[in-house]
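Have it open while you read, and go through the points in order.

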Amino acid sequence: MSLLLHGCIESFSPPEITSASSYLVVDGFLNTSSSGSSQIKLSRTQNVTDLTAPQVEPRAQIRVEGDKGSQLAFTEAQPGTYKLEPIAYREGEKYRLHIRTSDGKEYLSDYVPAIQTPPIDSVTYRVQPDQSGVQIYVSTHDPLNTTRFYRWSFDETWMYQMPLYSAFEVVNNEMKLRTEDISTCWSHRSASRILVGSSIKLSEDIIQDASVTYVPASSGKLRVKYSILVKQYGLSQEEYEYWTALAKTTESTGSLFDPQPAQVTGNIRCVSDPKELVFGFFSASKQQEQRLFITEYLGRYVSACEPTDTLALAQALQTLDLILVEFPVPGSSQPLYITGTASCADCRLEGGTTTKPEYWR
Amino acid sequence: MSAFRILLLSIFFIFQGQGLLAQTTAEKRISGSFSDIRFQEFVRLVEAQSDYYFYYDAAQLDSLPINLQVKDEPLRVVLGQVFKDTEFTYAIDQQRRVYITKVTPIITELPSDAPTQERVVYAPPGTDEQEQLLSTTESKLHEVGPKRLRITPGNSTMSGYVRNAVTGEPVIGAAVYIESPQIGTTTDALGYYSLTIPRGRQRVRIKSIGMRDTYRQVMLYADGKLDIEVLESVTALKEINIKAGQDANVSETKMGQIKLSIKTLKQIPTVMGETDLLRTVLTLPGIKSVGESSVGLNVRGGSADQNLILFNDATIYNPSHLFGFFSAFNPDMLKDVELYKSTIPARFGGRLSSVLDISSRDGNKKKMVASGGIGLVTGRLTLEGPIVKDKSSFLIGGRSTYSNWLLKSLKNETYNNSTASFYDFNAHISHEINEKNSVYATGYLSNDYFRLLADTTYAYQNQFASLKWKHTFHTRLYSTFTAAHSSYNYAVASERVPIHSFDLRFGVRQSSFKAEFNYLIHPRHTLDFGLSSIYYTLSPGTFTPRSSESLIVPDALEPEQGLESALYIEDRFEVNPKLLVTAGLRFSVFNYLGPKTIYTYVPGLPIESIYTLGTEAYAPKKLIKNYGGPEYRLSARYMLTGDLSLKVGYNTLRQYIHLLSNTMVASPTDIWKLSDTYIKPQVGDQLALGLYRNLRGNQIELSVEGYYKNIRNFLDYKGGDSLIMNHQIETAVITTTGKAYGVELMVKKGAGKLNGWVGYTYSRSLLRAVDRESPDAPNAGDYYPSNYDKPHDFIAISNYKLSHRFSVSFNFTYSTGRPYTPPIGKYILDGAQRVYYASRNQYRIPDYYRVDLSMNIEGNHKIRKLAHSSWTLAVYNLLGRKNPSSVYFQTQNGVVSGYKLSIFGQPIPTITYNFRL
């Protein structure tokens with residue numbers, strides 16, 4: 001019975017797992033909004049055992065072809081990332097993606113309709129009764145009742161301030177006033193969760209208060225000012241099902257409640273070998289967006305931050321801490337300097353940037 | 001004079017032989033008109049006109065009326081007409097004395113070579129036949145039916161039970177037949193037979209597995225009853241008997257039907273040294289399992305849920321212990337097992353692939369017997385005996401592991417924290433009320449509890465109770481009424497992380513009733529008909545926190561109810577001695593019943609949770625959905641030559657209950673599901689063709705069977721959906737159509753020192769989504785292998801008898817590795833990492849092969865001694881090959897790693913002691 005229990009568990013990595021081919025991944029879409037640019041990233045799949053960053057696919061030629069003759073060429077902005085500046089799109093034209101990789105292979109997507117995404121009606125929020133966070137919602141409607149399927153993504157930006165303010169900095173062994181405010185920063189994060197919704201069960205194409213995200217107060221994002229940019233894309237039914245299926249595939253495997261293995265690919269095929277796997281769904285949709293600001297001052301500082309020391313200039317020039325303020329000492333020409341730890345005074349250490357975003361108000 | 005005549009008659013039984021001797025020299029011819037006169041008068045008239053002198057028993061011939069017109073005929077011709085269609089015969093000697101006897105004529109002179117034979121006073125029994133002459137029941141003439149003097153031509157039916165003379169148990173599947181003309185039948189599950197043969201003097205032969213061949217001399221007057229007791233064949237203890245009648249392989253219409261007796265089962269080496277029913281069934285062609293630790297059988301490309309497993313007519317949902325390491329059947333309780341894989345009789349239904357009909361023994365009706373076995377891991381004990389001698393008996397048996405004690409004694413903490421235990425308990429009572437009524441009651445309980453490394457606990461339980469009443473209306477019509485209730489429960493519990501600790505439970509219960517009739521309407525037509533009904537209650541899952549710290553939100557799936565009913569009729573028609581046809585029709589209906597809340601979906605769109613429209617509630621007992629339809633069962637046998645036959649079979653079957661299994665984990669969790677508004681019943685049909693030949697006096701059986709199967713509405717799973725605690729399971733499944741085909745070759749040697757079988761199977765089992773355009777369709781809407789598609793399969797089972805007490809078995813098994821779906825890569829899309837899998841079942845795990853060896857040492861063969869005992873020494877997986885039984889994947893720190901679990905990855909020696917008091 002002991003044999004039975006420990007059995008014999010061995011690592012199992014046959015060739016199909018360790019040396020699977022690397023396939024093309026197409027991440028992006030054609031933004032048919034007259035003001036927005038389009039971006040497509042090309043990369044390669046990796047073996048599941050690989051721990052390195054995925055390889056990008058540079059030097060490819062990407063073109064979008066319309067069924068009414070439009071030819072739109074993307075340009076490579078940085079290795080593996082391709083961009084197309086906003087242009088005017090024709091009504092009712094269908095598009096497909098045409099990729100030629102540097103090794104000469106060609107890939108084509110199905111023709112997809114350009115979806116006329118209706119504008120977002122509102123992005124709203126509600127504070128939890130116990131002040132533990134805010135729930136953010138999006139609402140939209142299509143008076144023509146044609147869109148029906150939606151996907152949203154969002155970018156979060158939040159302004160935050162450090163408990164201590166550092167007014168001085170040591171430059172070339174000299175005490176100088178800071179030119180840059182490092183106590184106020186803006187952090188930025190793009191969502192990786194797939195958000196889809198549909199009004200297919202309703203008689204009218206209305207989305208009322210679809211949940212976008214929940215921001216807990218403990219995250220610190222709501223302490224000063226928080227902003228969310230919600231982007232909305234109209235989808236075809238096929239694309240809606242693609243995103244739903246993709247959302248179900250997770251990293252985890254092997255537990256009782258895990259989903260069954262799935263292979264979600266998309267609508268792009270290799271021209272010379274239709275059996276070759278290609279991942280990604282090419283779509284053409286007008287991107288709509290709306291920004292929301294939240295100033296609720298929720299959440300507290302977690303760590304105790306107090307000035308650490310008071311030093312004379314000579315010592316202040318040597319310290320590893322930051323210099324907060326100087327104050328003159330009565331009866332002395334030498335001022336003293338109050339110091340504080342960088343983690344209490346430098347907001348950049350928490351990943352933000354001191355540059356105020358241009359949309360910030 | 002009369003006294004002398006009677007004396008003569010009293011000794012006629014000692015004479016054997018059919019030859020009719022009569023003198024032909026110088027016969028006086030007889031004339032006369034004998035009109036409705038008695039035999040004495042006839043004798044007086046004949047003696048008057050000739051010098052013949054008659055010796056006869058006046059009382060016996062008293063009621064034989066004579067109506068005859070003769071003119072100048074020899075006496076032989078006249079007597080021939082007088083005794084036509086009666087049991088009387090005559091002999092005439094040289095002194096013109098006429099001896100009238102019953103059945104056997106008097107031999108009136110010694111054979112010409114008499115002097116050489118006369119000296120032989122006693123010859124030792126050279127053949128079985130001679131030995132059996134000694135037994136009085138065989139030499140006696142049994143009269144069946146009300147006695148008549150004149151037997152008219154035609155057929156009558158004799159019926160009765162064939163029983164073991166020592167234990168009183170019925171002998172199932174015994175062949176009861178006459179040789180000329182060739183007419184035969186087999187006893188049913190209760191040992192009952194019904195044989196329709198020409199009236200008159202017959203020698204009825206009885207052959208059965210492990211029983212001494214015997215015969216009865218019968219004088220069949222009319223329909224009547226004859227119970228037959230047969231002796232166990234002591235010397236044939238190690239004989240492999242696969243089929244009841246030795247030539248049944250060739251002569252029956254049934255194909256793909258295999259019967260294994262407990263003796264055959266006992267020869268196959270198994271993992272823990274214990275006789276194992278399912279493991280033995282797995283050695284037969286066309287039957288596979290997904291893996292070593294897998295629960296189910298896959299019969300001819302069918303899934304594990306497509307097998308109807310009946311134990312004394314009650315359904316068993318999980319036939320194994322510890323996820324398939326042991327069969328859930330105590331070998332000491334078993335009589336035999338019958339597996340139907342292509343021709344499924346109309347009395348069975350509700351599953352697509354096969355029927356595994358397991359019968360327990362009846363307890364010994366004559367004396368108390370205790371038997372048991374002690375192995376390294378399990379122990380078992382069986383007790384049986386009469387309640388009322390020769391009338392009723394009981395049989396109780398229990399089996400358990402003592403592995404917990406073993407685990408605790410190991411100096412390893414992981415083992416100390418593991419438990420693995422199971423037990424099963426059986427009780428069976430049989431009672432013969434009178435000649436026409438018998439009742440049988442069976443109870444069964446099996447329990448499993450399994451905890452791996454102090455983490456997740458698995459427990460499951462099978463229970464049933466069945467009550468059977470057999471009633472004989474008359475010799476040609478009998479019936480069986482069965483009521484049964486069975487249940488199966490499954491629970492998984494996890495305690496590793498207190499805040500995630502949970503209890504997960506499933507259950508299925510069914511109550512069934514069936515009435516079966518067997519009617520011999522005509523010697524060449526046997527009719528089976530009946531009806532059955534099953535009421536199902538399923539509890540598809542409850543999920544509850546296990547401790548107060550647990551943050552699990554309790555959830556429960558709504559119970560399901562359904563009623564499955566069927567009517568059937570089947571005729572076995574012997575068109576002529578060469579052609580035998582069995583045609584059956586079964587009509588089954590399924591009602592899915594409330595209370596239940598059914599989800600509704602947006603019309604015109606796929607059944608997906610994203611398109612859920614709302615719910616509709618149904619009141620208790622309210623009909624939600626109806627399914628039903630006819631099922632056809634046809635089979636025919638044509639004898640090409642005496643030992644070569646061709647069989648054809650066509651079957652359709654319907655199945656209303658489905659098994660959903662999560663295949664991605666090391667220990668599959670199974671949920672049963674009834675057909676409902678969205679999930680249609682599975683429908684299958686199979687066409688099979690086979691050629692059978694017996695060589696060397698039925699010692700060697702050769703068979704080739706080919707089959708092609710269609711399966712409709714088989715459930716497979718959508719990628720990305722979870723099957724457990726899914727309130728909308730219809731959104732997680734895809735409907736597929738399946739096809740399976742294959743060829744099975746088998747050579748079997750049933751007798752001799754070396755016996756066993758060799759089988760090779762080539763088979764495929766493929767599935768394809770019904771909605772081929774759907775993005776969920778696996779393999780882009782093309783056919784893909786099912787989980788249990790293993791094309792090549794080779795098995796050799798051999799048993800060599802070194803002596804009567806010592807035998808060696810050697811087995812070899814090979815099969816193609818099962819298909820699986822590995823994760824073959826990952827990528828980043830829309831800011832997150834995604835894992836992708838290969839197309840479904842496009843890769844295979846390594847091939848499986850295994851060699852086993854076992855030795856059986858019997859105690860001495862004295863019939864009367866205190867205890868009969870035997871030792872079994874076995875080595876399972878002699879070569880120690882690490883055959884993977886499960887392949888699974890786990891994510892650790894963002895890296896997906898594959899693991900293979902081989903349960904028996906080294907040679908496993910076992911020793912078992914069996915006894916019988």
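**Notes on the predicted model**

1. Let's start with an arginine. R178(A) has 17% relative accessibility, so it counts as buried. Bear in mind throughout that this is a predicted model. R178(A) makes a salt bridge to E169(A), with 3.5 Å between the closest N and O atoms.

2. R96(B) is in the loop between strand 4 (88-92) and strand 5 (97-102) of chain B, and D51(B) is in the loop between helix 2 (39-49) and strand 2 (53-55) of chain B, so the pair ties together parts 45 residues apart in sequence. D51(B) is partly exposed, because its relative accessibility is 48%.

3. Another one to look at is R163(B) with D227(B), a salt bridge at 3.8 Å, N to O. This pair links distant parts of the chain, 64 residues apart: R163(B) belongs to strand 7 (residues 155-164) of chain B, and D227(B) to the loop between strand 13 (224-225) and strand 14 (228-230) of chain B. R163(B) counts as buried because its relative accessibility is 13%, while D227(B), at 33%, counts as partly exposed.

4. On to the cysteines. There are two disulfides over all chains. In C185(A)–C347(A) the sulfur atoms are 1.9 Å apart. The torsion about this S-S bond is about 60 degrees, so the disulfide of C185(A) and C347(A) is right-handed. C185(A) lies in strand 16 (residues 184-190) of chain A and C347(A) in the segment after helix 5 (342-345) of chain A, so the link ties together parts 162 residues apart in sequence. Both C185(A) and C347(A) are buried.

5. The other disulfide is C305(A)–C344(A), with its sulfur atoms 1.8 Å apart. Is this link left-handed or right-handed? With -75 degrees about the S-S bond, C305(A)–C344(A) is left-handed. C305(A) is in the loop between strand 23 (288-294) and strand 24 (309-311) of chain A, and C344(A) is in helix 5 of chain A, 39 residues apart. C305(A) counts as buried because its relative accessibility is 19%, with the cut-off being under 20%. C344(A), at 6%, also counts as buried. With the bonded cysteines of chain A numbered in sequence order, the pairing reads 1-4, 2-3.

6. Chain A also has an open, antiparallel sheet of three strands in the order 11-12-18. Strand 11 (120-127) and strand 18 (206-216) of chain A are at the edges with a single partner strand each, so one side of each has no neighbour in the sheet. On average, neighbouring strands of this sheet are turned by 20 degrees against each other, direction ignored. Strands 11 and 12 (residues 133-141) of chain A pair over seven bridges, and Y125(A) has I136(A) as its bridge partner in strand 12.

7. Finally, the surface of chain B. Y638(B), L640(B), L691(B), V704(B), V743(B) and L745(B) form a nonpolar patch with about 450 Å² of accessible area together. Strand 38 (623-641) and strand 44 (733-749) of chain B each give two or more residues to this patch.

Terms used: Residues numbered from 1 in each chain as written. Chains lettered and ligands numbered in written order. Predicted model: local features only at pLDDT ≥ 70, side-chain atom pairs only at ≥ 80, totals over all residues. Heavy atoms only, no water. Disulfide = S-S within 2.5 Å. Helix = DSSP H or I, 4+ residues; strand = E, 2+ residues; numbered from the N terminus. Buried < 20%, exposed > 50% of the residue type's maximum accessible area, 1.4 Å probe, protein only. Pairing = 2+ DSSP bridges. Axes fitted to C-alpha atoms, helices over the stretch in contact; angles between N-to-C directions. Patch = residues over 30% accessible without salt bridge, like charges linked within 9 Å, V, L, I, M, F, W, Y side chains within 5 Å. Areas by Shrake-Rupley, 256 points an atom, 1.4 Å probe, with all protein chains shown as cover. Salt bridge = Lys/Arg side-chain N within 4 Å of Asp/Glu carboxyl O.
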